[in-house]
Amino acid sequence: GKSCSAYDVVVNPNFLKKTEEDDAFHSFFMTVVLDGLEQKYDLALDRTLRKLKRKKCLGVVGEQTVRTSYKPVIMEMEDSSSGTPFKTNAIPLANDSNDSDSPLTPKPEYVIFRE
C-alpha cells in the first residue's frame, strides 16, 4: 500500500452512536470533522470514506483526557461603579393584548460586558 498520514479525532462514544443511527447526520458529522482537519492543518483531504470491517480503529487508541474549564453558565454581574449586583425588572416579551391600538412593549436597554 501507499504511505499516509493519520489524524486522531476524539469523539464521545454516545454521540458517535447517535450519528451512526442516521446516514445523513453521520455524513454531515464526517464532513465537519474533515473540514476541521483541513482548516487546522492546511490540508486537502480525500473525501472518500471507508468503514473498517470488523475494526473500530487501526493501531492502539490511547486513553484520552479532555480538559475543560468550568465556568457557571449564568453569572451574577456587579455594577462596576457601586460594586452591587445588577437588579432587573422583568419586561414582557410580547404584547398579550389582541388590541391592535395598544402600545407595543418597550425594548429593554442592553449592556454588553466583556471578560
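Trainee: Where is phenylalanine 28 placed?
Mentor: Phenylalanine 28 sits in helix H2; helices here are DSSP runs of H or I, at least four residues, numbered from the N terminus. Keep in mind that this is a predicted model, where local features need pLDDT of at least 70 and side-chain atom pairs count only at pLDDT 80 or more, while totals for chains, interfaces and linings use all residues. Residues are numbered from 1 along each chain as its sequence is written, and side-chain values use heavy atoms, leaving out hydrogens and water.
Trainee: OK, and at what angle do H1 and H2 cross?
Mentor: Roughly 125°, with the axes of H1 (residues 13-20) and H2 (residues 23-41) coming within 6 Å. Axes are lines fitted to C-alpha atoms, over the stretch in contact for helices, and angles run from 0 to 180 degrees between N-to-C directions.
Trainee: Which residues in H1 and H2 meet?
Mentor: Phe15, Leu16, Lys18, Thr19 and Glu20 in H1 meet Phe25, His26 and Phe29 in H2, contact being heavy atoms within 4.5 Å.
Trainee: New topic: how many salt bridges are there?
Mentor: The whole structure has 2, counting a side-chain nitrogen of Lys or Arg within 4 Å of a carboxyl oxygen of Asp or Glu. Arginine 47 and aspartate 35 form a salt bridge at 2.6 Å, N to O.
Trainee: Where do those two sit in the chain?
Mentor: Arginine 47 is in the segment after H2 and aspartate 35 is in H2, 12 residues apart, so the pair links distant parts of the chain.
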